[in-house]
Amino acid sequence: MEWSKKRKIGDECRQFQEEWRLKYFFAKHGEKALCVICNEIVSVLKEYNLRRHYQTKHEEKYRQWEGEERSEKFSKLHHQISFQKAMFTKLSDDNESVTNASYKVAYILAKRGKPFTDGELVKECMLEVAQELCPEMLKKFSNLTLSATTIARRVEDIGENIVDQLKKSATNFRYFSIAMDESLDISSTSQLLVFIRGVDEKLNVTQELADMHSMYGTVTGEDIFTKLLKTFSESNLDWSNFSCLTIDGGKNMSGVKKGLVGLVKEECKKRNVPQPMFVHCMIHQQALCAKYLDISCVLQPVVKIVNYIRSHGLNHRQFRILLKDNESDFQDLPYYTTVRWLSCGKLLTRMLEIRKDVMEFLETKGKPEPLLNDENWLWKLAFAADITTHLNLLNLKLQGQENFISDLYVHIKAFRLKLRLFLQQLQIKNLTHFPECHKLKEQAKAEFPVNYACDLISNLQKQFNERFAELDERASEIRIFQNPFEAVVLDCPNEIQLELLEIQANDNLKDKFKEGLIDFYKFLPKTDFPNMKDFACKYVSLFGTTYLCEQTFSRMKYVKNNLRSNLTDNHLKSLLTIGTSNLKPEVSAITASKKQFHHSH
């Protein structure tokens, strides 16, 4: 015996009848019926249910109304319900708008690295503006919640939202590279930054702060590796797509046994995946080459003079007055700091330019410096100023957020060629590319110290060749990525040789190449050039420097300063994530995830 299936209400196609409006004082409410008298909803559109509700609850009071009077009574009750509904909807919309505005203000404050308490100042300013320009809106502005606790909570929500967006993007990465560095904050906590540059198959680049780890104990290679594993796990990163690890030269990072590099190699073997490239930050390498220059005979006396002038308040004030009275083009002498890579060249150049003023000041103080009158020493000072200036220019070229490793390598190769040229010209006392030396040549009677200058250049050449040897081993691949039309096909990897020939024979692709490297590789059809497209994805993803880490550490010093030393690690992480991110917070998604718009505070 077959039993008939139970009927569903939706299958009966019940329709709201217009006659029920006046007959039972019901109005249609979506797919249900709403009593306009008591606001009760009847789920099933069945006349029996509506009639029973009316008869048991309202008929005794409303049976007296007939004809037009009954119609007017229904219209009045229905209008009241509609008005109440509109009020609640408007109130909900207003609350949502106020909350969205609060998130946007919090985002701006975090992006600028401002204290959470500045939210109250912003609200105070907004109320004053509203009072003058739109007093009718003053109540709405007053409802805006911008207290310090609210801003802190909003910043956390925005930071989490940006991280969630990054995690979603990470699932599409064909290749990604990691740049890592660690530094102490104002409270002596070691903060480890992990930046990621990911590239999908369409060559869209995502470059973000993937994680920040606060480390209170040791900072060994194992400790750093553990944090890296945590980042990979939380961000759903696939080890087989790991293309490059860019680090500084510390032993805990670069050690091939117990350092991060060695542990990453072991992990790749364990997982049976290809090892990534390991790149020592090119800016850091260049700075180490510059530090190898033995200019102590010049630098130490100059630093001593500067410290004498600037370390005493009275001396410093009097020296600046002297410069002003002498109508000097400069108002001060800069400090030299080993951490600030560009300060050496600036200091030496400035000392040459105002050395007469410095001599005059030191004589008035009874502290004359005979070296400032020694032409042999001045020659060394001028040469040191010129060569450090050339190094500074190279350093500036290597800086930047979105440089390809091929562009950075070009600057290194060009500088090595310049060093070769300098050495050849200095041997014949050609000072064309050394402006400070060229100026001194017109005044000095002593001969230019050729041996001193050539020794410095030779040592610098040796350092550049040694420190960038690993990168030189990849020069052919970098060249293919940089310009596939000039590549020697026989010297290229086998899997891309045929595709390279196709590219080099295609005039349309040559025209597209002129529009830009990344646009060219995006234009390549994946069906025709799968291996070349994959090769390009890998090299687009590479970090050549830890510049982003260094830049973020500077931001960290500004955000967590001596006035905000109690800033929590979670708040610091959110502030740095927001401050460095190219992603915009999804405010509507954040507010939609909240059960209520306003929290007590």
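Me: By class, how many nonpolar, polar and charged residues does the lining of the largest cavity have?

Reply: This is a predicted model, in which local features need pLDDT of at least 70 and side-chain atom pairs count only at pLDDT 80 or more, while totals for chains, interfaces and linings use all residues. Residues are numbered from 1 along each chain as its sequence is written, and side-chain values use heavy atoms, with hydrogens and water left out. On a 1 Å grid over the protein atoms alone, a cavity is a set of points where a 1.4 Å probe fits but cannot get out, a pocket is an open set with protein on both sides within 12 Å along at least five of seven lines, and lining residues have an atom within 4 Å of a point. With Ala, Val, Leu, Ile, Met, Phe, Trp, Tyr, Cys and Pro counted as nonpolar, Asp, Glu, Lys and Arg as charged, and the others, Gly among them, as polar, the lining has four nonpolar, six polar and two charged residues.

Me: How much space lies in the largest cavity?

Reply: The structure holds one cavity of 30 Å³ or more, and its lining includes Arg197, Glu402, Leu408 and Tyr547. Grid points are joined across faces, edges and corners, and a volume is the space filled by probe spheres set on the points. The space in the largest cavity is about 70 Å³.

Me: Which element supplies the largest share of the lining of the second largest pocket?

Reply: The second largest pocket has a volume of about 490 Å³ and a lining of 20 residues, with Phe278, Val279, His280, Gln285 and Glu470 nearest its centre. That lining divides into eleven nonpolar, four polar and five charged residues. Helices (H or I, at least four residues) and strands (E, at least two) are DSSP runs numbered from the N terminus, and β8 (277–280), α11 (282–291), α19 (450–467) and α20 (469–472) each supply at least two lining residues. The largest share, four residues, comes from β8.

Me: Which residue of β8 stands opposite Ile247?

Reply: Two strands pair if DSSP finds at least two bridges between them. β7 pairs with β8 in the parallel sense over four bridges, and β4 (residues 173–184) also pairs with β7 in the parallel sense over four bridges. Between those latter two strands, Ser177 stands opposite Cys244 in β7. In β8, the residue opposite Ile247 is His280.

Me: How many of the residues of β7 are buried?

Reply: Buried means under 20% relative accessible area, exposed over 50%, and partly exposed in between (1.4 Å probe, protein chains only). Strand β7, residues 242–247, is mostly covered, and the number buried is six of six.

Me: Is Ile309 buried or exposed?

Reply: Ile309 lies in helix α12, residues 296–310. Contact means heavy atoms within 4.5 Å, and, not counting residues up to four places away in sequence, Ile309 touches Asn315, His316, Phe319, Leu333, Val358 and Phe361. Because its relative accessibility is 0%, Ile309 counts as buried.

Me: Which helices do the buried residues of α14 pack against?

Reply: Helix α14 (residues 343–353) has eight of its eleven residues buried, including Cys344, Leu347, Leu348 and Met351. These buried residues pack against α12, α15 (355–364), α16 (375–398) and α18 (435–441).

Me: What distance separates the end C-alpha atoms of α17?

Reply: The expected span of a helix is 1.5 Å times one less than its number of residues. Helix α17 (residues 405–426) has 22 residues and should therefore span 32 Å. In agreement with that value, its end C-alpha atoms are separated by 32 Å.

Me: Which residue in the turn between β2 and β3 has a positive phi?

Reply: Strand β2 (residues 32–35) and strand β3 (residues 41–42) pair in the antiparallel sense over two bridges, with Leu34 opposite Ile41. The two strands form a hairpin with five residues between them, and the turn residue with a positive phi, about 65°, is Asn39.

Me: Is Ser188 buried or exposed?

Reply: Most residues other than glycine have a negative phi. Ser188, in the loop between β4 and β5 (190–200), has a positive phi of about 65° although it is not a glycine. Because its relative accessibility is 55%, Ser188 counts as exposed.

Me: Is Leu203 buried or exposed?

Reply: Leu203 is found in the loop between β5 and β6 (205–215) and has a positive phi of about 65°. Because its relative accessibility is 1%, Leu203 counts as buried.
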